[in-house]
Amino acid sequence: MNLKNPFETLLEISEKINSTHEIPVLLDRIMDSAMQVMDAERGFILLKKNVNDASDYEVVTARNLSNETITQIREHSSSVVRKVLESRESLISINAQEDDRFAGSESIVIQQIHSVICTPLVLTDQLLGAIYMDRRISKEKFNEENLQFIKAFSRLAVHTIHNTQILTSLQNENKKLKQQIALQDLFPEIIGKSDPMMQVFEVVKSVAASTASVLIEGESGTGKELIAQSLHNHSDRKDNAFIPIFCGSLSENLLESELFGHKKGAFTGAAEDKPGLFEEADNGTVFLDEIGEIGINLQTKLLRVIQEGELKRVGENKMRNVNVRIISATNKDLKKEVSEGRFREDLFYRLNVINIKMPPLRIRQGDIILLAEHFLKYFSARNKKQFKGFSKEAIKYLQEYDWPGNVRELENTIERAVILSNENEIIPETFQLNLHEPKMPVGKTLKEINKFAIMQTIEMTGGNRTRAAQILDVSRRWLQYQLKEWGMVDEN
Ligand SMILES: Nc1ncnc2c1ncn2[C@@H]1O[C@H](COP(=O)(O)OP(=O)(O)OP(=O)(O)O)[C@@H](O)[C@H]1O
Ligand SMILES: [Mg+2]
C-alpha cells in the first residue's frame, strides 16, 4: 500500500474494517491491513482476555507464526511486546543480530528477527492489547514513517475493536433477554431467570408434549412439584387429571391400594370396590413424589404399569389398562439407591427417561430477590398489608443467607416477615426469628407443648398478641382466653 498518502490509506482501511460487526472478521481485517501497509512478514494481535486482569492477554489472530514462535517472541526477556504493554508506547526494535541483548539468546527465532514494530491498543486510558509485526533478514528495517503510521492506525483500530466488542456483547445480552422473556412467558407461575432455571425451562419446554417419563431430582423445597405440574400443564394431557401421590408416608400395603385400588373385602376396611389413583389419572399424569421411598414389591408392580400400561387392583385378578404419564420426584440420590440394592435398576431407567435437576437456591443468587419480591407481593395482598419493599439490610440478609430449605424456606420467611412487620418496609430483624427457632420440647404432655408453643410465639412477636394469634392461626379472643386461664393479664 502506498504510504505517500497516509490519510487516504487510513480512510480506506477505516472503511474496510468498519464494514463488519463480527469480532473475528474485524480482527482479521485489522491484521491484514496492518501487514499489508507495513509490508510485514509476520504478525499477531494480542487482546486482553479479562478486563480485570492486566496480565491476561491472548493471541486473537496471527499471520505466518506458530503458537510456539509467538510464545517465544512474547516471553523473551527483552520482549518488545512486554515493553509496549508496560509503557503503552509504540516502538520499533532494531536488528536482533546486531543487538547485544539477544546475543546469548538460544532462540533462533529471536535471532532471525531483523526488525520489529509493535503498537499498543489503548482506549483513552485503558490498555486493550497490542499489534506485533516483524520483518526478517531479507527486508528493510521499519522506519520512523512506519511508526507514525502505525500509531494512527492503532488508534483507529482500537476504537473499532472496542465498539464492536460493545455491540457484540449488547447483541448477546439482547438475545439472551429475548429468550428469557419468551421462556418466562411460557412459565409465568415459576419465578426465576438465572441460567440454571433457564436450563430447566428449556427442558420442560422441549419434553412437556411427549409422554416420556420424567424424573425430577433436587433438594427439598426447590420446586420439584411446581415443575411436575408445569410439565403436565404444557402437555396435551392438561385437560385431564394431574394426580400427585406422596409415596413417603403410607405403609406399602396402603400405598398399593391407593395407587392401584382394591376390591371390596380385599382387606379389613375395604368396604367397597375402589379404583386407585392410577385409574383416576387415566389419560392424565401421575406425579410420584418421593419415589425413593417406595418398597421393592411395589416397585415391581409400578414397573408393570409403566411397561405394559396394566395394573391389578388389590384382591382382584383382572388386569386393567391405564394410560398415564409418569413424572416422579426425589430428593434422594436414586442412583445410589440402585447401587445399594434398594431400588430396581430397570424401574430407575424407566422413570429416568428425561432427567431434570432442580438447582438449589444458593446457586441461583440472582433469583433470590426476584422470588422474595414475588412472595412479598403475594403475602402482602393476602394479609391486606402494604410495604414499600425490603430495606437495604434486608436485601443483604436475604442474599447472604444460605437457604438450606430453598424456595420453600424463603417463601415461609417472607410470609412470616409480612405478618410480623408493622414498619413500612421489611427489615432483617423479622427474618432473624427463622434462624433461632426454638426446639419443640419432647417427652412432655400435649398441654405443656401447647403452652410452650403459644408462649414462644408471643415472645417471638415481642409480646404482640394480635400478631401471635395471626401466626398461630387462632382468634385473638381465644388467645386472650387461654392466657387468662394461665393467669396472665392482658398487657396490650
Ligand atoms: N421458582 C419458583 N417460583 C415460585 N414459587 C416457587 C418456585 N420454586 C418453588 N416455589 C414454591 O416453593 C414451595 C416449594 O416448592 P415445591 O413444593 O414445588 O418444592 P419441592 O422440591 O417439591 O419440595 P419438597 O422436596 O420439600 O417436596 C412451593 O410453595 C412453591 O410454590
Ligand atoms: Mg415436593
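**Exercise 1.** Find which residues of H6 meet which residues of H7 in this predicted model, then sort the contact by class.

*Solution.* 
Step 1. On the H6 side, take Gln180, Leu183 and Leu186. They meet Met198, Phe201 and Lys205 in H7.
Step 2. Sort by class. The contact of H6 with H7 has 4 nonpolar, 1 polar and 1 charged residues.
Step 3. Helix H6 spans residues 144–186 and helix H7 spans residues 195–207. Their axes come within 10 Å and cross at roughly 60°. That angle makes H6 oblique to H7.
Step 4. H6 passes H7 in a left-handed crossing.

**Exercise 2.** Describe how H14 and H16 pack.

*Solution.* 
Step 1. Helix H14 covers residues 365–382. Its axis lies 9 Å from that of H16, at an angle of about 45°.
Step 2. The two helices are therefore oblique to each other. Their crossing is right-handed.
Step 3. List the contact. H14 brings Ile368, Leu371, Ala372, Phe375, Leu376, Phe379 and Ser380. These meet Val407, Leu410, Glu411, Ile414, Glu415 and Val418 in H16.
Step 4. Count by class: 10 nonpolar, 1 polar and 2 charged residues.

**Exercise 3.** Work out what surrounds ligand 1 and where the shell comes from.

*Solution.* 
Step 1. Ligand 1 is surrounded by 16 residues. The closest are Ile191, Gly223, Lys224, Glu225 and Val407.
Step 2. Classify the shell: 5 nonpolar, 7 polar and 4 charged.
Step 3. Assign helices. H8 (224–233) and H16 (406–420) each supply at least two shell residues.
Step 4. Assign domains. Domain 2 (195–357) and domain 3 (361–435) each give at least three residues to the shell.

Methods
Residues numbered from 1 in each chain as written. Chains lettered and ligands numbered in written order. Predicted model: local features only at pLDDT ≥ 70, side-chain atom pairs only at ≥ 80, totals over all residues. Axes fitted to C-alpha atoms, helices over the stretch in contact; angles between N-to-C directions. Helix = DSSP H or I, 4+ residues; strand = E, 2+ residues; numbered from the N terminus. Parallel < 35°, antiparallel > 145°, perpendicular 65-115°, else oblique. Left-handed = near helix turned anticlockwise from the far one by under 90°. Contact = placed C-beta atoms within 7 Å. Nonpolar A, V, L, I, M, F, W, Y, C, P; charged D, E, K, R; others polar. Near = placed C-beta within 6 Å. Domains from an automatic or database assignment.
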